[in-house]
Amino acid sequence: MNPGRIGAVVIQIVFVVGAAPLLAGLIRQVRARLEGRVGPPIVQPWRDLRKLWRKERIAPEHTSWVFLTAPLVLVASSVVIAMIVPLVTVALPLDEVGDLFAVVSLLLLGTVFLALAGLDPGTAFGGMGASREMTVAALAEPTLLLAVTALAARAGSTNLAAIVNAALDRPSVVLSAQGVFALVALGIVTLAECARLPVDNPSTHLELTMIHEAMVLEYAGPDLALVELAASMRLLLFGALLANLFAPWGIATGTGVVEMLAGTVVLGMKLVLLGAFLGVFEVFVAKLRLFRVPELLAVSFVVALVAVTASAFLGGGR
Amino acid sequence: MYSQLLGLAGGVALVAAVLALWRRSLLAIVRILAVQGLAIAAVALLLGVHHHEVAELIVAAGVLVLKVGVIPMVLSRVVRDAPNQRDTQPSINTATALVAAAVLTVIAFGATRRLVDLAPSPESELIPVGFAIVLVAFFGLVARRNALTQLVGFLLLENGIALVALVATARVSLVVELGAALDLLLAVLVLQVLTSRMRSKFGALDLDRLTELSD
């Protein structure tokens, strides 16, 4: 294995871990500015993590190993995803592993562990959050698979790097009606999976509606820091996947130092744009009532299914 | 570029039909109808520009005036006077309706595959989309209990038929197209009068009330 390819993996991991809290900070900052507040600086999430990290590690009474393992599994699965999906460059050593189904199952692994950890302390909120999270996940994951399959059908492979390559070669793979549908479906799934508005409000602890916050209510100190870091990493991974699947231009195709540096900068710019857009979007939408969330996800499922149907029946890659 | 824009316009029309099934706010549903009308007009415009046909351009202009302008305006007036701004009781729950819409879409694409295969072209690829709109809209028509949403369902259905007519005929007859449009306008106006009569009589747009006797 040549050093350039290993370097690519290292760059991707460092980028995802380093930039994820900044992306969360950026979204908060944009929101705050639009609402007429000064808002916390963009590096605030990093400061929060540092503060949490220095605290004592503590677990509620009667919790099992699941509670302490879940944050690690969550972060580890995100790091593995960062290693295998094309973010900075498409020429990754773990290319064959970077399959759509592998990525989705890794995502689901983290989700399931977090839900189990929510149940573990036996509190009412934890169980509630876990049950809601699983409801959302059960509807969002099939949509995620379907939406990317619509692109995969046109690219001729479920390998994410292959899809990005095909989109670079033939822009018609993504610049089509099917591509637009897949984008809409994937956008809604991203909001649901990353617990953003209108599915979940990341900035409140309102017991009637919270999903993610309810599950992690019992976490404190370094464990909470890991959970928060993993949550922001997931947001960044989803955002980067959206950006690279639907606007792959600028991603490095080789492993040259300059090329990868340019790829990193372009990815950073795409994410800044996406984060700013998300911040603006969140100012204008209200949270959906909980029982309407499955309906929203059903809409995204139908849209994804339309995309796949159109791709399958109307000849791919034309 | 032409085929992609055409596909996009058709796609927007289909997504509008699905969204109409999801939304409950009457005003939002009327807006969705207008967006779908715009997509149909865009299809007509694209066809006209691509084939250099003046008749298609006139049809596009007519569709724009009627389906984006007049009908949504008439309907939003009905909504403004309606006692209840939301369709609170669809007879089939929304999630089930959306899954049914997904199934109907697949059926439409499957059933019209042969038609597309007869003469594959960017235009004929919109035939399944039109059929899907017809089926989804018809389902919406059945699933709703509100007079106004039923009316919108009927109009969505008509949009689907118009889309198929636009892309399936080699040269659309202007007279036929205008005749259909005029019929449609008349139907909407009659139904508008009907809904306002209903409102003044029953104080609601719920069609279930029509089954009960009253004096």
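Read along the sequence, chain A of this predicted model follows the pattern α-α-α-α-α-α-α-α-α-α-α. It has 11 helices and 0 strands. Both element types are DSSP runs numbered from the N terminus: H or I over at least four residues for helices, E over at least two for strands. The radius of gyration of chain A is 19 Å, close to the 20 Å of the globule rule for 318 residues, so the chain is as compact as a globular protein of that length. This radius is taken over C-alpha atoms, and the rule is 2.2 Å times the number of residues to the power 0.38. Along the principal axes, the C-alpha atoms fill a box of roughly 55 × 45 × 45 Å.

Residues are numbered from 1 along each chain as its sequence is written, with chains lettered from A and ligands numbered from 1 in the order in which they are written. The model is predicted, and local features need pLDDT of at least 70, side-chain atom pairs count only at pLDDT 80 or more, and totals for chains, interfaces and linings use all residues.

Of the 318 residues of chain A, 52% count as buried. A residue is buried if 20 or more other C-beta atoms lie within 10 Å of its own, exposed if 12 or fewer, and partly exposed in between, with C-beta atoms placed from the backbone. Among chain A contacts between residues at least 6 apart in sequence, 79% join residues at least 24 apart. Two residues are in contact if their C-beta atoms, placed from the backbone, lie within 7 Å.

Helix α9 of chain A covers residues 221-246. Its 26 residues should span 38 Å at 1.5 Å a residue, and the end C-alpha atoms are 38 Å apart, in agreement. The expected span is 1.5 Å times one less than the number of residues. In α9(A), 22 of the 26 residues are buried, so the helix is largely enclosed by the rest of the structure. A:His62 presents another setting. This residue sits in the loop between α2 (44-53) and α3 (65-84) of chain A. A:His62 is exposed, with 9 other C-beta atoms within 10 Å.

Chain B comes to 8 helices and 0 strands. From the N terminus on, its elements run α-α-α-α-α-α-α-α. Its radius of gyration is 18 Å, close to the 17 Å that the globule rule gives for 215 residues, so chain B is as compact as a globular protein of that length. The C-alpha trace spans about 55 × 35 × 25 Å along its principal axes. Buried residues make up 44% of the 215. Of the chain B contacts between residues at least 6 apart in sequence, 74% join residues at least 24 apart. The average pLDDT of chain B is 82, and 92% of the residues score at least 70. pLDDT is the predictor's confidence in each residue, from 0 to 100.

Helix α1 of chain B (residues 2-22) has 21 residues and reaches 30 Å from its first C-alpha to its last, close to the 30 Å expected. The helix is mostly covered, with 16 of its 21 residues buried. B:His52 lies in the loop between α2 (26-51) and α3 (54-81) of chain B. It has a positive phi of about 55° although it is not a glycine. With 8 C-beta neighbours inside 10 Å, B:His52 counts as exposed. B:Glu177 belongs to helix α8 (residues 174-202) of chain B. This residue is buried, with 21 other C-beta atoms within 10 Å. B:Glu177 and B:Arg23 are 154 residues apart in sequence and 30 Å apart in space, C-alpha to C-alpha.

For the complex, the predictor gives an ipTM of 0.72 and a pTM of 0.82. At the interface, 22 residues of chain B are in contact with 17 residues of chain A. On the chain B side, α1 and α4 (94-111) each supply at least two residues. The most comes from α1(B), with 10 residues. The chain B side divides into 14 nonpolar, 6 polar and 2 charged residues. Here Ala, Val, Leu, Ile, Met, Phe, Trp, Tyr, Cys and Pro count as nonpolar, Asp, Glu, Lys and Arg as charged, and the others, Gly among them, as polar.

The largest nonpolar core has 176 residues, and those with the most contacts inside it are A:Ala304 and B:Val43. Helix α9 of chain A gives the most to this core, with 16 residues. Such a core is a set of buried Ala, Val, Leu, Ile, Met, Phe, Trp, Tyr and Cys residues joined through C-beta atoms within 7 Å. Leaving aside neighbours within four places in sequence, B:Val43 is in contact with B:Leu6, B:Ala9, B:Gly10, B:Leu126, B:Leu163, B:Leu166 and B:Val167.
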